[in-house]
Amino acid sequence: MTDGDLAAFDAAWDRFASWLSARCPIDHVALRSPATAEEIAALETRLGFPLHPQLRALLERHNGVIEKPEPDNFHAGAFLPLGHRLNDTEHIIRQHEWLVHERELIAVGQGEDDLYGHAHQWVPFAHPNDGGTAFVDHRPGPTYGHVYEMGIGSGADATKWASSLAELFDDLATSLDTGEPFRGSWPNPYELPSRHFCLSWDSSTRTKIASMQDWPPPRRLDSPLRPAATTGRGLGRRLGALIPPSAPRSPSVAAQDFDIPVGPFHTSGVIVNDSENPEDTNR
C-alpha cells in the first residue's frame, strides 16, 4: 500500500463526508470520534492479522457511527447502500467471530480457493439493520482490499462493491453528485420524524430525481431532535417518489447558507448522546 493509495482514500472519504455534512448533517453527526491506537491494536490482535491500511485509515477517522442519533429511529447514520452503517471496532470483532464460526457453512458448495472459502479473512466494516455484512477482503493476493457486500442467511452471493474503500467512497460521492445509481441503488432523501433528512438508497426501478439540487435543504442541527407532532408520520418516509421529474431546478445552495461546516470533521457543537461511547458526546 503506497502513500498515493492512502491519499486516494483521504480524498474519496472527504468528498463523501463533505456531502453528508452539507446535505444530511444528521448522518454526519452520527459519525463517532476516531478509534484509539489501543482499540485498533486490540482489533488486530483479535483478528490475527493487520488491517488493510485504508480500513485502518477509516477507523482512525471515525470508529463507526452512533446507532441511534435520534431516539427510537434507526435510519440516521445508515447512510451506505442497503442501509449499512459503519462498524466500530467492537462490532467488527463480534461480526468477524461469527464469520469464523460459520465459515464452513459459508463455504458450502464453493471452491476452497474461492472467496467463500476464506471468510475468516473477511473484515466486516459495516452492517445493515436486516442482517448482512459489508467487508474488506484481507486474503493476500489480487483481491486484497476488495470490498464486498453479502446478505447473511438469505443465500445471497457476495456482490463486489469496489476494488478498495477509496474506490467505494469515490463512487458513492460521484453518485451523490450526479444522482446516478450506485450498483443499482439510487440516492434518496429520507425524512425523519424530526424533519431532518438522512441519506437512503432506493433499489427499486425508477428514474433519478430531477436534480440533486432538488435535494431538500437540511435543517439546522441546533434544532430540537424531537419527533414531529404530525400524526401518522411513523418512522419517516422516503421522498424520492415525491420529487416529480419535471420539478423546476432549484438554484445551487451553498452549505454555508445553513451554517453547516463542510469537511471530514463535524464542528457544529451539537450534543449527541452515544450510549456505546458516552465520552464522545460533543461533536
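Contact means heavy atoms within 4.5 Å of each other. The structure is a predicted model, in which local features need pLDDT of at least 70 and side-chain atom pairs count only at pLDDT 80 or more, while totals for chains, interfaces and linings use all residues. Residues are numbered from 1 along each chain as its sequence is written, and side-chain values use heavy atoms, with hydrogens and water left out. Helices (H or I, at least four residues) and strands (E, at least two) are DSSP runs numbered from the N terminus.

Strands of a sheet pair through backbone hydrogen bonds, either parallel or antiparallel. Here, two strands are said to pair if DSSP finds at least two bridges between them. Five strands form an open sheet in the order E1-E2-E3-E4-E5, and the pairing is antiparallel. Strand E1 (85–86) and strand E5 (159–162) are the edge strands, each pairing on one side only. Two bridges join E1 to strand E2 (residues 122–127) in the antiparallel sense, and Leu86 has Ala126 of E2 as its bridge partner.

Helix H7 (residues 165–178) lies across E2, strand E3 (133–137), strand E4 (147–150) and E5, and runs at about 80° to E5. Axes are lines fitted to C-alpha atoms, for helices over the stretch in contact, and angles run from 0 to 180 degrees between N-to-C directions. Buried residues (under 20% relative accessible area, against over 50% for exposed and in between for partly exposed, with a 1.4 Å probe and protein chains only) of H7 include Leu165, Phe169, Leu172 and Leu176. Gly179 follows H7 and has a positive phi, near 80°.

The axes of helix H3 (residues 37–47) and helix H5 (residues 89–101) come within 10 Å and cross at roughly 5°. H3 and H5 are therefore roughly parallel (under 35 degrees; over 145 is roughly antiparallel, 65 to 115 roughly perpendicular and the rest oblique). Glu39, Leu43, Arg46 and Leu47 of H3 meet Thr89, Ile92, Ile93, His96 and Glu97 of H5.

Strand E6 (residues 186–191) and strand E7 (residues 197–202) pair in the antiparallel sense, with six bridges between E6 and E7. Glu191 stands opposite Phe197 in E7. E6 and E7 form a hairpin with five residues between them, and Arg195 in the turn has a positive phi of about 75°. In a regular strand the side chains alternate between the two faces of the sheet. In E7, Phe197, Leu199 and Trp201 point one way and Cys198, Ser200 and Asp202 the other way, and all are buried.
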